[in-house]
Amino acid sequence: MNLDGLLRDKRIIVLCGAGGVGKTTTAAALGVAAARAGRKVLVLTIDPARRLAEAMGLKENGAEPTTVPPERLYADGPRGEGRLDVWMLEPRIVFERMVRRLSATESAARAILEHRLYRFLSELVAGVQEYAAAEALDTFLAEGHYDLILLDTPPSRHALDFLEAPGRLSRFLDDRVISLFGPDSGRPGRLWQGAQALVGKVLDGIFGGGFTQEMRSFVGAFGGLFAGIRLHADRLREHLSSKDAAFLLVTSPEAAALREAAFFQEALQAKGLPFAGYVLNRSWAREDGLAPAADLKPHASNAADTDAVIGLERLAGVEDARAKAHRSLLARLAEGLPRGALAIAAPDAGADLEDFRGLVHLGDALTVA
């Protein structure tokens with residue numbers, strides 16, 4: 001399957017990779033291509049570069065996804081049926097919506113959101129952005145407004161936190177925590193009661209008197225959400241393991257980025273997640289380099305011209321060697337891929353990506369390669 005097929009057939013595409021390899025730009029370009037092909041698309045991103053955000057008309061800290069205007073999406077032709085929405089993940093908004101959605105009543109939600117320990121809990125879950133990404137993805141999938149969601153994750157090793165974040169929160173908020181800090185656990189036995197008293201004494205000594213009681217009041221308010229959080233974790237894992245999902249690794253020719261990509265491929269396959277292949281970004285694998293400078297020699301009429309041609313020959317040699325090395329690297333990435341996975345090189349777009357037309361051109365180039 002090629003990238004065009006992935007964009008047409010999948011419901012979730014998760015882009016992973018090291019920092020600085022153009023992952024966010026690739027996600028945006030693929031979102032543009034899928035929308036122009038007629039799909040209703042959402043691109044969820046963590047922290048896009050300012051110029052990229054401006055090119056897509058992305059509102060900072062917006063409470064809702066931003067829709068790319070149709071006149072921008074279809075500027076070079078007739079308007080189609082596709083739509084492109086973009087949202088920069090805001091953990092505070094995601095957490096608050098989760099609480100409101102899972103709480104039985106509005107007053108129950110306020111009791112949690114206004115509690116002093118609410119912020120402590122949200123920061124305690126390692127990788128707040130990663131959990132927000134998981135929760136937002138689950139929410140948008142459940143709402144069913146989009147044919148395709150492209151998720152731009154944090155740098156690859158932190159993206160593992162994105163995969164584990166719902167389970168981590170679920171494990172933290174398990175029955176043992178409820179039993180220990182619930183306002184009325186009802187659990188019999190002197191041993192258990194002694195354990196409660198000991199834990200309370202230790203925590204009050206560390207955080208100050210009254211902390212244990214405060215924790216119990218918070219767990220009592222939060223307790224009704226635990227089952228829903230576990231359900232979200234299980235449901236998201238099912239989505240990400242299904243045939244509707246695909247994980248793309250974006251890398252560059254840099255050694256560190258390639259090591260991260262190899263690490264993450266192994267991790268994805270170990271978890272049984274659908275690895276779809278590589279996008280080799282910021283490379284010259286699709287470039288032929290400069291035309292042979294020797295063709296200019298007959299036109300050199302003096303020593304200065306000859307020196308210039310010699311300089312161009314050296315530059316052409318360097319670029320040709322770089323292009324050959326990157327094509328060889330792309331071939332190595334393709335070796336040993338699972339059946340159906342791909343390895344594709346993105347063209348070196350350079351400054352062309354400073355406006356929306358650059359994203360259109362990059363998306364077209366990726367999907368026809």
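**Aromatic pairs and nonpolar cores**

A search of the whole structure turns up three aromatic pairs; rings of Phe, Tyr and Trp (its six-membered ring) pair if their centres lie within 6.5 Å, and planes under 30 degrees apart count as stacked, over 60 as edge-to-face and the rest as tilted. One of them brings together Phe140 and Tyr146, edge-to-face at 6.1 Å centre to centre with 75 degrees between the planes. Phe140 and Tyr146 are both buried, where buried means under 20% relative accessible area, exposed over 50% and partly exposed in between (1.4 Å probe, protein chains only). Phe275 counts as buried because its relative accessibility is 9%, and Tyr278 does so at 4%.

A word on the model itself: it is predicted, so local features need pLDDT of at least 70 and side-chain atom pairs count only at pLDDT 80 or more, while totals for chains, interfaces and linings use all residues. Residues are numbered from 1 along each chain as its sequence is written, and side-chain values use heavy atoms, with hydrogens and water left out.

Rings also meet charge here: the charged end of Arg322 sits over the ring of Trp284, 4.6 Å from its centre (the test is NZ of Lys or CZ of Arg within 6 Å of the ring centre and within 35 degrees of the ring normal).

Now for the nonpolar cores, meaning sets of buried Ala, Val, Leu, Ile, Met, Phe, Trp, Tyr and Cys residues joined through side-chain atoms within 4.5 Å. The largest has 43 residues, and Leu3, Leu84 and Leu248 touch the most other members. Helix H2 (residues 23-36) gives the most to this core, eight residues; helices (H or I, at least four residues) and strands (E, at least two) are DSSP runs, numbered from the N terminus. A second, separate core holds 39 residues, among them Leu141 and Leu268.

Beyond its neighbours within four places in sequence, Leu3 is in contact (heavy atoms within 4.5 Å) with Leu30, Leu248, Val279, Leu342, Ile344 and Leu366.

Over in helix H16 (residues 356-368) lies Val360, which is buried with a relative accessible area of 8%. Not counting residues up to four places away in sequence, Val360 touches Val32, Arg36 and Asp76. Val360 and Ala28 are 332 residues apart in sequence, but 9.3 Å apart in space, C-alpha to C-alpha.
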